[in-house]
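Let us walk through this protein chain one piece at a time. Keep the model open as you read.

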Amino acid sequence: MTPSLRRALVLPPLLLAVACGGSAPKSTATTASPAPSPTPATESPAAVPSSAAPPPSAAPTRVRKVAAPDDVDGDGVKDTVTVTASTLTVALSGGGRATAPIVDAQVPPKISGLTDLDGDGRAEVFVETARGASTTFVQAYRYDGKTLRELTSDGAPIRFGIGGSVTHGDGFSCTGDGRLAVRSAESEDGSTYRVRTRVFRISGGTLVLQSDATVTAPSMNDDRVRQAYQVDCGSVGAGD
């Protein structure tokens with residue numbers, strides 16, 4: 001075979017396929033998609049600090065309003081208080097009257113004094129309704145803005161003693177936080193005393209007992225015994 005014939009028989013595969021009636025093979029190469037242009041790095045805007053939240057407000061506290069002297073209705077002006085054998089009357093400074101019956105008075109009633117027990121700006125009225133050899137007894141009346149009525153305990157009138165003797169003493173005090181501490185001291189020999197302290201709070205027209213405790217004191221000079229003979233509650237008992 002001549003050299004020229006050998007060159008003619010050695011055809012490139014592509015031409016051979018075409019020559020034989022086939023189609024050209026498809027390219028399997030894939031064209032890579034162009035990489036996205038990198039997004040320029042930009043700084044996020046600095047966070048703008050919001051206004052500092054206000055601190056949580058403290059729980060509201062009840063504001064005590066100390067009543068003006070002889071102010072029963074809480075308007076800051078003195079009211080006129082009078083009592084008869086059967087009725088307590090308050091002539092209100094703004095006009096009108098409030099009345100309450102006197103219950104079970106054993107002596108001609110008289111005004112013992114006024115004080116604001118619960119810090120609502122209205123003074124309670126204490127009326128003397130009984131008297132012993134060395135002790136007077138008072139009952140308390142409260143005006144709630146509409147009605148004047150006696151403060152009761154367990155549904156019944158309650159009296160508080162003032163004064164005493166060597167073997168017995170009664171007194172009470174306003175604690176300054178809307179409570180009434182009622183004390184009594186008793187002795188069988190004039191030496192050792194049993195001192196009882198009852199603490200009440202006002203709830204509407206009721207004196208609710210909060211605590212009741214008794215201690216023993218060695219002599220009348222003990223401060224706990226002395227306290228049992230004293231009244232510290234506004235002007236109550238000042239005239240006795």
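T152 sits in strand β8, which covers residues 152-153. This is a predicted model. T152 and V208 lie 56 residues apart in sequence, yet their C-alpha atoms are 8.7 Å apart. Which residues does T152 touch, leaving aside those up to four places away in sequence? They are P157, I158, G205, T206 and L207.

How far can we trust the picture? The chain has a mean pLDDT of 80, and 72% of its residues reach 70 or more. Helix α2 (residues 13-19) has the lowest mean pLDDT, at 36. Strand β2 (residues 87-91) has the highest, at 98. Over residues 1-53 the pLDDT is below 50. In the model, that stretch has four contacts beyond near neighbours in sequence. Where pLDDT is low, predicted coordinates should not be read in detail.

Now go to strand β2 and its partners. Three strands form an open sheet here, in the order β1-β2-β3. The pairing is antiparallel. Strands in a sheet pair through backbone hydrogen bonds. Which strands are at the edges? They are β1 (80-83) and β3 (97-101), and each pairs on one side only. On average, neighbouring strands of this sheet are turned by 15 degrees against each other, direction ignored. Look at one pairing in detail. Five bridges join β2 and β3 in the antiparallel sense. In one of the bridge pairs, V90 has A98 in β3 as its partner.

Is β6 mostly covered or mostly open? It is mostly covered: eight of its nine residues are buried. Start with β5. Six bridges join β5 to β6, and the two run antiparallel. A130 stands opposite F137 in β6. The two strands form a hairpin, with three residues between them. Then take β7, which spans residues 148-150. Three bridges join β6 to β7, again antiparallel. Y141 stands opposite E150 in β7. β6 and β7 form a hairpin too, with four residues between them. In that turn, G145 has a positive phi of about 105 degrees. Finally, turn to β10. β6 and β10 pair in the antiparallel sense over four bridges. Here V138 stands opposite F160 in β10.

Stay in β6 and pick out R142. This residue is found in the strand formed by residues 135-143. Is R142 buried or exposed? R142 has a relative accessible area of 13%, so it counts as buried, because buried means under 20%. Its side chain has a polar partner. The side chain of R142 makes a polar contact with the side chain of D118, at 3.1 Å. R142 also touches other residues beyond four places away in sequence, among them D120, E124, L151 and I202.

The last stop is a group of aromatic rings. There are two aromatic pairs. One joins F126 and F172. Are these rings stacked or edge-to-face? They are stacked, with 5.8 Å from centre to centre and 15 degrees between the planes. This pair links distant parts of the chain. F126 is in strand β5 (residues 124-131), and F172 is in strand β11 (residues 168-174). They are 46 residues apart. F126 has a relative accessible area of 0%, so it is buried. F172 counts as buried because its relative accessibility is 0% as well.

The other pair joins F160 and F172. F126, F160 and F172 form one aromatic cluster.

Terms used:
Residues are numbered from 1 along each chain as its sequence is written. Side-chain values use heavy atoms; hydrogens and water are left out. Buried means under 20% relative accessible area, exposed over 50%, partly exposed in between (1.4 Å probe, protein chains only). A polar contact is a pair of N or O atoms within 3.5 Å; within protein, one must be able to donate a hydrogen and the other to accept it, and residues adjacent in sequence count only if both atoms are side-chain atoms. Contact means heavy atoms within 4.5 Å. pLDDT is the predictor's confidence in each residue, from 0 to 100. Two strands pair if DSSP finds at least two bridges between them. Axes are lines fitted to C-alpha atoms, for helices over the stretch in contact, and angles run from 0 to 180 degrees between N-to-C directions. Rings of Phe, Tyr and Trp (its six-membered ring) pair if their centres lie within 6.5 Å; planes under 30 degrees apart count as stacked, over 60 as edge-to-face and the rest as tilted.
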